[in-house]
Amino acid sequence: MTNIVILTGAGVSAESGLGTFRNTDGLWTEYDIEDVATPEGFARDPVLVHDFYNARRDNCLRARPNPAHYALARLEKKHSGPVHIITQNVDDLHERAGTRAVWHMHGELMRARCAACGHGWDAPRRMRAGAPCPACGNGATRPDVVWFGEMPFHMHEIPDLLRAADLFVSIGTSGNVYPAAAFVQDAARTGARTLELNLEPSAGARDFDETRQGPASALVPQWVEEVLGR
Ligand code: OAD
């Protein structure tokens, strides 16, 4: 029984029409990280930050899962052992493809959180600066995403998942953002075999036992069929 842990990044959703961050037309070439993805940026200009995430939420609602998301959902359903998907993506395409166990380490676009009391709720399509929290009434509504300088979510559970992995697979991530970029080393240290599926070799490609290059919509279904023995 192989215990599989999968890390996904923006590349898995690229063919669904959601932009990546660091490609030549990526979000971080158009926007300044400091402005839209830090607590300091939000404190300076919450309207700008909400506009940024409102636009990303609109794109996400228009997008559909692609064959890579569906293949991973099929793997979770058919594989005889555990399958855990840890995603850096804030979209909900894994869930919409049918995957149940998704660890959103960078949060979720479709959720809102109160910066004052921590209460969380389903985000309205358009969040606005100063909107009151339904629990405490404070006007500190923010997207439930992780910004640079903040602790990613599920960091109590993820090290245990990596330790228990027999196979660690990284899909569609450039390997530039920690702690996710180090998961391959964490998993390898406790004996997991490691595989990268990406359009191009990532920053950490040398750390993997095997790397395959190509679009996720082709590579992932092919790999899933291999694992399921068809
Ligand atoms: P990046 O934009 O850094 O990297 C995306 C990776 O996907 C690149 O290596 C591309 O080559 C690859 N790629 C692009 N299209 C692909 C396709 N069709 N099939 C397979 N691979 C493809 O995105 P992430 O690594 O996910 O964090 O970025 C990590 C984090 O940095 C994000 O979660 C976000 C960002 O800043 C926060 O906002 C906190």
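Among the 24 residues around the ligand, those that come nearest are Phe21, Arg22, Trp28, Thr173 and Ser174, where a residue is near a molecule if one of its heavy atoms lies within 4 Å of it. The model is a predicted one, in which local features need pLDDT of at least 70 and side-chain atom pairs count only at pLDDT 80 or more, while totals for chains, interfaces and linings use all residues. Residues are numbered from 1 along each chain as its sequence is written, and side-chain values use heavy atoms, with hydrogens and water left out.

Some of these neighbours can be followed atom by atom through polar contacts, meaning pairs of N or O atoms within 3.5 Å; within protein, one atom must be able to donate a hydrogen and the other to accept it, and residues adjacent in sequence count only if both atoms are side-chain atoms. In Arg22, a polar side-chain atom lies 2.7 Å from an oxygen atom of the ligand, in Thr173 an N or O atom of the side chain is 2.6 Å from a ligand oxygen, and for Asn198 the corresponding distance is 2.9 Å. On its own the ligand has 790 Å² of accessible area (Shrake-Rupley method, 1.4 Å probe), and the protein covers 95% of that area.

The shell around the ligand consists of 10 nonpolar, 11 polar and three charged residues; here Ala, Val, Leu, Ile, Met, Phe, Trp, Tyr, Cys and Pro count as nonpolar, Asp, Glu, Lys and Arg as charged, and the others, Gly among them, as polar.

The C-alpha centres of the two domains lie 25 Å apart, and their contact (heavy atoms within 4.5 Å) takes 13 residues from domain 1 and 12 residues from domain 2. About 950 Å² is buried between the domains, with carbon and sulfur atoms giving 60%, where buried area is the accessible area (1.4 Å probe) that two parts lose on being put together, summed over both.

Terms used
Domains from an automatic or database assignment.
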